[in-house]
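The sequence and the coordinates are shown below.

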Amino acid sequence: ESKRTGKNQIKEFEDESKHQILRTVEIEKALAQALDRNEFSLVYQPKVSLTQNRLEGVEALLRWNNRELGHVSPTDFIPIAENTGLIHSIGSWVMRESCRAWVRWKKSGVKPFTLSVNVSPLQFAREDFVESLQAILDETGMDPMFLELEVTESSMLSYEASTREKLAQLHQFGILISLDDFGTGYSSFRQLRELPVQVLKIDRSFIVNLFTDRNQEAIVRSMIQLGHNLNMKVLMEGVETSDQLEWLLNEQCDYVQGYYFSRPLREKDVVKHVKSVTTYIEFGKTRA
Ligand code: C2E
Ligand code: MG
Ligand code: MG
Ligand code: MG
C-alpha cells in the first residue's frame, strides 16, 4: 500500500489520463462510421403513470455496439458525438427509427402510448430543428400528439426569442416537452417559471440516496411540490425498490421510470410488455 504514493501515484495518474485520451480518439474514429455500419440500435424504457396505474409511454434510449470497442455507453459517446457534430445525424436517426417503431406498435393494435426521445441541446439549437422534425413526422406517420421531447436545462438556458418560438411551434403540433436530468443543471427559479415544459424529470442521482442522505427526502419532496406548483407533472427516474415507490406514491409523484418496473426493452418486447402487464401497482398493498 505504502508504495502507491509519490512518483508511483503520479505515474498511475498519467497512464490513466493517457488511456482516457486514447479511448476518446478511438471512439471518435469509430463513431464517425457507426451509422453507415449499422451499429446503433434502440431500446425503450416504460414510464408508468402512478395516478392511472398504467403505462404512460416509453423512452427511446440509444445503444451502440462496435466490433472493436464492444458496447459503449451513451454517457461516454454522446458527449463525443456532440463535440464532433455527429450528434445531428445520430439524433435524426434516433428520431426517425423510434417514430417508425411507434407506428409499428400502433399497427400491431396496442393502445397508443407516448414516445419520448432525448434531444441534445445542440440539436435543439439548430435553426431548422422544427422543420427537420416535421419532415420526420411526415415521413414516418408519427402522430405528434404522442411524441415527447426530453430536453435538458442547458437547452433552455439561453431562453431567447428563438427558443421560445420553437417551443411554441412544438406545442402547437401537440408535442410534449419534458425537462430531463432536473436538479443537475443551473436553471434558476425565474427560468423555471417561464419555461413552457409539461413534465419535470428528476435526475436519478436524487433517488439513489433518498433514505440514507440527510435532508434528501426533504429535497425531493420539495422538487415534486415545485413541479406541481408550476402546473407540471413530475417523473422520478431510476426507481429500483418498492420502498422508493411507496415513498413516491405518498408524495403524489405522477410518473416513475426505473428497473423496479422495467429495464429498457427491445421493440418487440415492448408489445409483449404492453400485452402482459395491465396494472403496475397493487393498491391496498402499496397505498392505503
Ligand atoms: P437519461 O435520458 O437521463 O436516461 C436515463 C438513464 O438511466 C438511461 O441510461 C437508463 O437506462 C438509466 N436507468 C433507467 N432506470 C434505471 C434504474 O432503475 N437504475 C439505473 N441504475 N439506471 C437506470 P442510458 O441508456 O445509459 O443513457 C444515459 C444517458 O445518455 C441518457 O440519460 C441520455 O442523457 C443519453 N442518451 C441516451 N440515448 C440518447 C439519445 O438517443 N439521444 C441523446 N441526445 N442522448 C441520449
Ligand atoms: Mg431522458
Ligand atoms: Mg434523465
Ligand atoms: Mg439522467
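## Metal and ligand sites

The magnesium ion (ligand 3) and the magnesium ion (ligand 2) lie 3.9 Å apart, and D180 coordinates both. The model is predicted: local features need pLDDT of at least 70, side-chain atom pairs count only at pLDDT 80 or more, and totals for chains, interfaces and linings use all residues. Residues are numbered from 1 along each chain as its sequence is written, chains are lettered from A and ligands numbered from 1 in the order in which they are written, and side-chain values use heavy atoms, with hydrogens and water left out.

The protein donors of the two ions are listed here; donors are N, O and S atoms within 2.8 Å of the metal (3.2 Å for Na, K and Ca), and sites may look incomplete because water is not among the atoms.

| Ion | Protein donors | Distances |
|---|---|---|
| Magnesium ion (ligand 2) | E59 (OE), N118 (OD1), E150 (OE), D180 (OD) | 2.0 to 2.2 Å |
| Magnesium ion (ligand 3) | D180 (OD), D181 (OD), E237 (OE), E237 (OE) | 2.1 to 2.8 Å |

Distant parts of the chain are linked by the pair E59, in strand β2, and N118, in strand β4 (residues 114-118), which are 59 residues apart. Strands here are DSSP runs (E, at least two residues), as are helices (H or I, at least four), numbered from the N terminus. The spacing for the magnesium ion (ligand 3) is D-D-x55-E.

Ligand 1 has 20 residues around it, of which R63, N118, D180, E240 and Y259 come nearest; a residue counts as near if one of its heavy atoms lies within 4 Å. By class, this shell holds 8 nonpolar, 5 polar and 7 charged residues. The elements β2 (54-66), α2 (74-84) and β6 (176-182) each supply at least two shell residues, and β2 gives the most, with 4 residues.

Several polar contacts (pairs of N or O atoms within 3.5 Å) involve ligand 1. A polar side-chain atom of E240 is 2.5 Å from a nitrogen atom of ligand 1, and an N or O atom in the side chain of R204 is 3.1 Å from a nitrogen atom of the ligand. The side chain of E237 places an N or O atom 3.4 Å from an oxygen atom of ligand 1. Of the 800 Å² of accessible area that ligand 1 has on its own, the protein covers 84%, by the Shrake-Rupley method with a 1.4 Å probe.

Key. A polar contact is a pair of N or O atoms within 3.5 Å; within protein, one must be able to donate a hydrogen and the other to accept it, and residues adjacent in sequence count only if both atoms are side-chain atoms. Ala, Val, Leu, Ile, Met, Phe, Trp, Tyr, Cys and Pro count as nonpolar, Asp, Glu, Lys and Arg as charged, and the others, Gly among them, as polar.
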